[in-house]
Amino acid sequence: MDEGEHEGSSGARRLLDDARRLTTTLVEHVRLAPEVRVVHPAGATRRWLEIVEELSLVIVTEQTAAVRAHVARHPLVAEVADGDRADVALARLTDGGTLRLWFTPAKRSGATQIVATGSPAHVAGLRARAAAAGRDLEAIEGLEGAVYAALGLPWLPPEIRDGDDELTRAAAGERFDDLVTIADITGAVHCHTVYSDGKNTIRQMAEAAGERGLAFLTITDHSKAAHYAGGIDDAKLREQWREIERLQPGTEVRLVRGTEADILADGSLDVPAPALPELELVIASVHTRHKLDQDGMTRRLVTAMRQPFFKVWGHALGRMVLRRDPIDVRFEEVLDAVVEGPAAIEINGDPNRLDLDPVRVRQAHARGVRFVLSSDAHAAGELDYLENAVAMARRARLRPADILNTLPPDEFLAAVRPVSHR
Ligand SMILES: [Zn+2]
Ligand SMILES: [Zn+2]
């Protein structure tokens, strides 16, 4: 999966989250032009790439010049210049970024969206299929589905248009209309409250989860070792459980007793032994000593994953998009330990993390690993980060059965229980 789009363009490298917000703002502006019939987000943003180098919109119109003039009037746009093809204009943004505008008549909007969205390899693959059938991809009329259908393919979700082997698989009959969606997610798995470094109370988090149609909420405040993040000890954890017990009768959302336990440098987990039998979920995360050498980090994580109780490996490789590289570890060796487990891997939807990344999720999925999708919410509104986790999972082609928090609450709890009570 390549991350570079439209070679030669330059400008701001943005977090996906920023790109999505900015795209929404620009779409709202473009829509106001009377000459615009429809406007569709496209490019890397529509494919949910972690880093977006160029924003992209497909605009259905017959009056390009008027729309260009309208775009140029937005305060975030410095100027609009001709692009590298006749139907493209490039808007330079005041922050140094680029907005690519694709102009298309309605009858060819599907092909234009496909070309404007897919990775170069995906689009090249489609052009080759069209050519083999004696056709020109961009002359095929209709919406996206009609264009794919004309090439003997089902419509493909934007998240998987990355030029890996999606065209070959689709041509061989694999369908991708059953990838996980936000509607499949039954509960929020990794959430912080005022007990550690979260901004909201358990009750407020539960209300927010209920508003989002979630059936359960796992409270996973930091463990004691994470003193920099307000980590809590055994006594405080029990105080939290008492509050959960008090709140539960009045709340429809099932409240789950969990912890986000630090993976210590020696690979042990910072879970108080007496609490373990009563915990319903353990997330195990590296928060310190990210720079351990490869041998040390591999040993540390293999040891952690082999701890004899179920745990979810939280924000697995510790990367911060555009800010911190992933930890240095022999990933396959750790996967061996995850598979032996018992363990699952988190896909963290915090816009700065998006960790485990889709490429390695595919690698782990091929090994039979199961996943949880999380928001790592530190405030009620951040439960919406689940949407990012879903997108990363879709890019990795995960289906609901690959993901534990698509199960009903009782089955989820049985699957992740740290210690068997048998
Ligand atoms: Zn964490
Ligand atoms: Zn966390």
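# Contacts, strands and loops

Q: Which residues does L255 touch, not counting residues up to four places away in sequence?
A: This is a predicted model, where local features need pLDDT of at least 70, side-chain atom pairs count only at pLDDT 80 or more, and totals for chains, interfaces and linings use all residues. Residues are numbered from 1 along each chain as its sequence is written, while chains are lettered from A and ligands numbered from 1 in the order in which they are written. Two residues are in contact if their C-beta atoms, placed from the backbone, lie within 7 Å. Leaving out residues up to four places away in sequence, L255 touches I202, A206, L217, I219, I244, L247 and Q248.

Q: Is L255 buried or exposed?
A: A residue is buried if 20 or more other C-beta atoms lie within 10 Å of its own, exposed if 12 or fewer, and partly exposed in between, with C-beta atoms placed from the backbone. L255 has 23 other C-beta atoms within 10 Å, so this residue counts as buried.

Q: Which strand holds L255?
A: Helices (H or I, at least four residues) and strands (E, at least two) are DSSP runs, numbered from the N terminus. Strand 10 covers residues 254-262. L255 is found in strand 10.

Q: How many bridges pair strand 9 with strand 10?
A: Two strands pair if DSSP finds at least two bridges between them. F216 stands opposite R254 in strand 10. Strand 9 and strand 10 pair in the parallel sense, and the number of bridges is four.

Q: What is the handedness of the β-α-β crossover from strand 8 to strand 9?
A: Strand 8 (residues 187-191) runs parallel to strand 9 and is joined to strand 9 by three bridges. The chain passes from strand 8 through helix 8 (residues 202-211) to strand 9. A crossover is right-handed if, with the strands pointing away from the viewer, the path from the first strand over the helix to the second runs clockwise. This crossover is right-handed.

Q: Why are the buried residues of helix 11 on the same side?
A: Helix 11 spans residues 331-340, and V334, L335 and V338 are buried there.

Q: What is the omega of the cis peptide bond between G341 and P342?
A: G341 follows helix 11 and has a positive phi, near 45 degrees. P342 lies in the loop between helix 11 and strand 13. The cis peptide bond that joins G341 and P342 has an omega of about 10 degrees.

Q: What is the phi of L354?
A: L354 is in the loop between strand 13 and helix 12. With 28 C-beta neighbours inside 10 Å, L354 counts as buried. L354 is not a glycine, yet its phi is positive, at about 45 degrees.

Q: How many residues of domain 2 are in contact with domain 1?
A: Domain bounds come from an automatic or database domain assignment, which gives domain 1 (14-171) and domain 2 (182-416). The domain centres, taken over C-alpha atoms, are separated by 35 Å. Nine residues of domain 1 are in contact with residues of domain 2, and the number on the domain 2 side is nine.
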